[in-house]
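Here is a short briefing to read alongside the sequence and the model. Have a look at both, and then let us walk through the main features together.

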Amino acid sequence: MTHSLVLMLAVAAASAVEMVEAITVVLAVAVTRGWRISLQGAAAALVALAIIVAVLGPTLLALVPIDALRLLVGTLLLIMGLQWLRKAIMRSSGFRSQRDEAAIFEYEQKTLGAMAKTEGFDAAGFTISFKGVFLEGFEVVMIVVSLGAAQDQLAIASIGAAIAAVIVASFGIVIAKPLARVPENMLKMSVAVMLATFGTFWVGEGAGVEWPS
């Protein structure tokens with residue numbers, strides 16, 4: 001029960017980081033081109049991502065031996081966690097600029113506003129909303145599949161991601177603004193530590209290390 005809860009919270013936190021970035025694009029499309037086309041693009045991306053999880057997760061569990069899977073997953077999580085941690089530290093120390101969701105929102109609005117809006121189906125608005133959600137969500141998929149498959153708890157990992165999606169989307173739709181006040185860098189640093197910790201643990205498990213219980 002405790003392991004499942006930790007897994008769910010870790011996936012939810014990691015997913016929330018990427019979803020804050022995705023909701024900025026969705027809101028920009030909604031404000032500029034309309035809510036209907038923006039939500040259609042976002043929904044299509046979520047369906048595509050759900051299909052990837054449904055196909056990739058069980059396939060890994062069925063075809064890859066558990067020790068090899070844990071070694072592979074642990075390596076991927078460790079690399080991802082260290083990359084996120086590096087970026088977060090560089091932003092905190094001033095060597096890299098902080099991500100400004102408000103500025104990104106304004107830029108997306110201007111870009112979309114400059115595009116001609118055609119009669120009928122708005123392909124430009126749909127594509128940008130779809131791309132924003134799919135690209136940010138694909139990293140979430142990798143986290144869900146990696147953590148879920150390594151612990152044989154794909155459903156629990158998926159629930160964690162779904163919880164994050166509902167919370168972030170609800171805040172975004174209610175305030176209809178980018179979540180600029182979310183301390184994204186601090187959240188990313190915390191999640192990076194968790195991913196690196198999980199990665200180290202699973203690499204050890206896959207290599208036959210017996211951790212103290």
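A residue counts as buried under 20% relative accessible area, as exposed over 50%, and as partly exposed in between. F130, with a relative accessible area of 26%, is therefore partly exposed. Please keep in mind that this is a predicted model. The protein chain has 7 helices and 0 strands, and 41% of its 213 residues count as buried.

**Overall layout**

- Read from the N terminus, the elements of the protein chain follow the order α-α-α-α-α-α-α.
- Helix α2 has 29 residues, and its first and last C-alpha atoms are 42 Å apart, close to the 42 Å expected at 1.5 Å a residue.
- The buried residues of α2 are I37, S38, G41, A42, A45, L49, V53, G57 and L60.
- Helix α3 agrees with expectation too, because its 27 residues should span 39 Å at 1.5 Å a residue and its end C-alpha atoms are 38 Å apart.
- Among the buried residues of α3 are L69, V73, L77, M80 and W84, along with the arginines R70 and R91.
- After α3 comes G94, which has a positive phi, near 90°.

- Helix α5 has 28 residues and reaches 39 Å from its first C-alpha to its last, close to the 40 Å expected at 1.5 Å a residue.
- How many aromatic pairs does a search of the whole structure find? The search finds 3.
- F126 and F130 are both in helix α5 (residues 123–150), 4 residues apart, which is about one turn of the helix.
- As a reminder, an α-helix has 3.6 residues a turn, so residues three or four places apart point the same way.
- F126 is partly exposed, because its relative accessibility is 22%.
- Following α5 is D152, with a positive phi near 55°.

**Salt bridges**

- How many salt bridges does the structure hold? There are 2.
- One of them joins D122 and R33, with the closest N and O atoms 2.9 Å apart.
- D122 is in the loop between α4 (101–114) and α5, while R33 is in helix α1 (residues 2–33), so this pair ties together parts that are 89 residues apart in sequence.
- Are D122 and R33 buried or exposed? Both are buried.
- The side chains of E205 and R70 also meet in a salt bridge, at 3.5 Å from N to O.
- Because E205 is in helix α7 (residues 184–206) and R70 in helix α3 (residues 66–92), that pair ties together parts that are 135 residues apart in sequence.
- R70 is one of the buried residues of α3, whereas E205 is partly exposed, with a relative accessible area of 22%.

- G34 has its place in the loop between α1 and α2 (35–63).
- With a relative accessibility of 23%, G34 counts as partly exposed.
- G34 and D122 are 88 residues apart in sequence, while their C-alpha atoms are 9.5 Å apart in space.

**A nonpolar patch on the surface**

- Which residues form a nonpolar patch on the surface? They are I159, I163, I167 and F171, which together have about 370 Å² of accessible area.
- I159 is found in helix α6 (residues 154–175), and F171 lies in helix α6 as well.
- I159 counts as partly exposed because its relative accessibility is 41%.
- F171 is exposed, since its relative accessible area is 53%.
- F171 and V20 are 151 residues apart along the chain, and 9.8 Å separates their C-alpha atoms.

Methods. Residues are numbered from 1 along each chain as its sequence is written. This is a predicted model: local features need pLDDT of at least 70, side-chain atom pairs count only at pLDDT 80 or more; totals for chains, interfaces and linings use all residues. Side-chain values use heavy atoms; hydrogens and water are left out. Patches are made of residues with over 30% relative accessible area and no salt bridge: like charges are joined within 9 Å, nonpolar side chains (Val, Leu, Ile, Met, Phe, Trp, Tyr) within 5 Å. Accessible areas come from the Shrake-Rupley method with a 1.4 Å probe; for residues, only the protein chains shown count as cover. A salt bridge is a side-chain nitrogen of Lys or Arg within 4 Å of a carboxyl oxygen of Asp or Glu. Helices (H or I, at least four residues) and strands (E, at least two) are DSSP runs, numbered from the N terminus. Buried means under 20% relative accessible area, exposed over 50%, partly exposed in between (1.4 Å probe, protein chains only). Rings of Phe, Tyr and Trp (its six-membered ring) pair if their centres lie within 6.5 Å; planes under 30 degrees apart count as stacked, over 60 as edge-to-face and the rest as tilted. The expected span of a helix is 1.5 Å times one less than its number of residues.
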